[in-house]
Amino acid sequence: MAHIKLNNEELPGIVGLLNYRPETARPLLDLAETLLRGPSSLSSGEREIIAASVSYWNQCHFCHTSHAAAAAAHLKSGLNLIDDIKAGLPNTPVSDKLRALLHIAHQVQGNGKNVTDEDIAAARKEGATDTEIHDTVLIAAAFCMFNRYVDGLGTWAPGPNEAYAEMGERMAHVGYGKY
Amino acid sequence: MAHIELNNELPGIRGLMAYRPETEGPLNALAEVLLRGENSLSRGERELMATYVSYLNDCFFCQNVHGALAGHYLDCNIRHIDQIKENFQQADLSPKMKALLAIAASVQKGGKYVTAEQIDHARSEGVTDTELHDTVLIAAAFCMFNRYVDGLGTWAPQDRQFYVDRAPQRALDGYRSSVYK
């Protein structure tokens, strides 16, 4: 049970919170929609992988599993991706550019000041553009917010990966703006 | 110099917002509702939470922007705000505000650091569910804003009076209008 009395206790994770406080839900959903599904030279699958990875590093089960399921829906990869992301993507063919951007995201997850000139140079060397670097930092930062919101209020989360399959498909194909 | 070419000279988050207007909209809409919207927590109290979390995250730009706003609303100077940041338990704040700052400090470490004891203590000081929700979200949001501002290596004016001088007009104009002005 969450730390506060939600209007609908059946709704998991952030869903219950968005339902509880619609005034803050709108900008939060607009931010997610823009960051993860808006026009970008990074695919939505790649961006959801960044979101899911940061959420894993922040130990947020709900956010990690749902966004990994969304990545799986975009990439049509199957739900094994959820565990592969936890392991650092040993079995998923992702570009060296994405790996360099994931390193930047991991630095941001610790503290913004952990990002070094070398980290940026390594991403540029793999072809990352300024906008891709900007979006990677903001996605990582935003998930440091979402993860703390979801866990800070003690929301409940379904356990098994399979429980997130349908949610992942909706996040990928319907998106966040229409909640 | 920032890690990316922003094509503008604006400091901190303003330079990033000018660079990427698509994300500026929702980010400022969030700040506006959280920090300036109708709320049983005063604007000064909410700006103080933002300042404190930004201090814990060691973000110079954010803690000075919001510290100056907190000072403006609460009618206290930079030194006073610094004292609160360094030791809020000893500061001249309501027990309710101290309970909420303790929760904000836990959120800054990670959502799971918020304990049932902290929640119960806050409730015993009269905190409502909505106030708990908003405190957690403000603290969480500043964990985003601080990482955004520092993660891209933005510059910040070092003279703290700059922020104090800007605060009254920013308090009137709100967040969206403050990007370019």
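From the N terminus on, chain A runs α-α-α-α-α-α-α-α-α. That is nine helices and zero strands in chain A, where helices (H or I, at least four residues) and strands (E, at least two) are DSSP runs numbered from the N terminus. The model is predicted: local features need pLDDT of at least 70, side-chain atom pairs count only at pLDDT 80 or more, and totals for chains, interfaces and linings use all residues. Residues are numbered from 1 along each chain as its sequence is written, while chains are lettered from A and ligands numbered from 1 in the order in which they are written.

The C-alpha atoms of chain A fill a box of roughly 50 × 35 × 25 Å along the principal axes. For 179 residues, a compact globule would have a radius of gyration near 16 Å, and the 16 Å of chain A agrees with this. The radius is taken over C-alpha atoms, and the globule rule is 2.2 Å times the number of residues to the power 0.38. Of the 179 residues in chain A, 53% count as buried. A residue is buried if 20 or more other C-beta atoms, placed from the backbone, lie within 10 Å of its own, exposed if 12 or fewer, and partly exposed in between.

The C-alpha trace of chain B spans about 50 × 30 × 30 Å along its principal axes, and 47% of its 181 residues count as buried.

Now to the interface. How many residues does the contact take from each chain? The contact takes 40 residues from chain A and 40 residues from chain B, two residues being in contact if their C-beta atoms, placed from the backbone, lie within 7 Å. On the chain B side, α2 (21-36) and α8 (129-151) each supply at least two residues. The largest share of that side, 16 residues, comes from α8(B). By class, the chain B side has 22 nonpolar, 10 polar and eight charged residues. Here Ala, Val, Leu, Ile, Met, Phe, Trp, Tyr, Cys and Pro count as nonpolar, Asp, Glu, Lys and Arg as charged, and the others, Gly among them, as polar.

Helix α1 (residues 12-19) of chain B is mostly covered, with seven of its eight residues buried. Those buried residues pack against α8 (130-152) of chain A, together with α2, α4 (60-74) and α8 of chain B.

The contact between α3(A) and α6(A) includes I49(A), V54(A) and W57(A) of α3(A) and L98(A), L101(A) and H106(A) of α6(A). The residues of this contact divide into eight nonpolar, three polar and one charged.

Finally, two backbone details. Most residues other than glycine have a negative phi. L89(A), however, has a positive phi of about 60 degrees; L89(A) is found in the loop between α5 (80-86) and α6 of chain A. In chain B, phi of D58(B) is near 60 degrees, and D58(B) has its place in the loop between α3 (43-56) and α4. Both are partly exposed: L89(A) has 16 other C-beta atoms within 10 Å, and D58(B) has 13.
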